[in-house]
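This report covers annotated spans, cavities, a surface patch and salt bridges.

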Amino acid sequence: MVWKKLGSGNFSSCPNGSQWIWDVFGECAQDGWDEASVGLGLISILCFASSTFPQYIKACKTGNMDQALSLWFLLGWIGGDSCNLIGSFLADQLPLQTYTAVYYVLADLVMLSLYFHYKFKNRPSALSAPINAVLLFGMGLVCASPLLSSTGPVATPREVFQGRKLLSVEPGNKPFTKQEIIGFVIGSISSVLYLFSRLPQIHTNFLRKSTQGISYSLFALVMLGNTLYGMSVLLKNPEDGQSEGSYVLHHLPWLVGSLGVLLLDTIISIQFLVYRNAATSSEHQPLLPS
């Protein structure tokens, strides 16, 4: 999505809106629902932003990230985040959704770089330099993607604000534009990749009967971030005249992508509990056989 401004410096087009949210995000938050949506969205970004750092530290300490994490898990994750980013720009998603997607693609690229670093460190290969170059090029593209937001159209101001009405059945189904349809399809692909990315990691943990080399904080913070992210979308007021059902439909792929993976992340959490004794015993094994 393009960062939505209701008018450059024209706060009068946002009746009863929050001044600081308008100044910082250019978004019109006109009641407690909108403010709660922005607040939860900000907290979810903090969760996403901090979730990968424990894994970075874990990888540096153990040096076996290439064995602990499934490559298909990382590829599925970065594929889902990339589609999420593209779909967010095209499908008229909320600003916080778009900027969360930008950051998380960057974090995925760092994670993938660490994976290949330790893989080629343990098993030297002539392909390491080209792969690192491709990853750096990808990070550059993602860093430049927010600049696209400056070319987007300015959203039409809301003339009348009517508070959130749960289970609204009033007419107001916002039609999908051609661009939004493309974004919706890409967002749906993103959700599928998110869901299927967890399966290889679950399989890898099951084969190893261990979660060594994986930081549980990665999954715990992602679960918390996804929960808050989904809540922030659901709490946001629909556009003027748009029904609740139409609003949810427009954001459905992103809701499935955030809330749908919670079940699979819960399974991974159970694996951490089941295999915790195996991890503890292996950590206390002697370095040399007796």
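Which side chain does aspartate 34 meet in a salt bridge?

## Salt bridges

The partner of aspartate 34 is lysine 236, with an N to O distance of 3.8 Å. Because aspartate 34 lies in helix H2 (residues 32-62) and lysine 236 in the loop between H8 and H9, the pair ties together parts that are 202 residues apart in sequence. A salt bridge here is a side-chain nitrogen of Lys or Arg within 4 Å of a carboxyl oxygen of Asp or Glu; the count by this rule is two.

## Basis of the model

The model is predicted, and local features need pLDDT of at least 70, side-chain atom pairs count only at pLDDT 80 or more, and totals for chains, interfaces and linings use all residues. Residues are numbered from 1 along each chain as its sequence is written, and side-chain values use heavy atoms, with hydrogens and water left out.

## Annotated spans

UniProt, in an unreviewed entry, places "transmembrane region" features at residues 36-57, 69-89, 101-118, 130-148, 181-197, 218-235 and 255-275; such annotations may be inferred rather than shown by experiment. Residues 69-89 are 90% helix and 0% strand, with end C-alpha atoms 30 Å apart. For residues 255-275 the end C-alpha atoms lie 31 Å apart, and the span is 90% helix and 0% strand. Helices (H or I, at least four residues) and strands (E, at least two) are DSSP runs, numbered from the N terminus.

## Cavities

The whole structure holds three cavities of 30 Å³ or more, a cavity being a set of points on a 1 Å grid where a 1.4 Å probe fits but cannot get out.

## Nonpolar patch

Leu234, Val248, Leu249, Leu252, Val256 and Leu259 form a nonpolar surface patch with about 400 Å² of accessible area together. Patch residues have over 30% relative accessible area and no salt bridge, and nonpolar side chains are joined within 5 Å; areas come from the Shrake-Rupley method with a 1.4 Å probe. H10 gives the largest share, three residues.

Key: 1 Å grid on protein atoms, 1.4 Å probe; cavity = no way out; pocket = protein on both sides within 12 Å on 5 of 7 lines; lining within 4 Å. Points joined across faces, edges and corners; volume = space filled by probe spheres on them. Patch = residues over 30% accessible without salt bridge, like charges linked within 9 Å, V, L, I, M, F, W, Y side chains within 5 Å.
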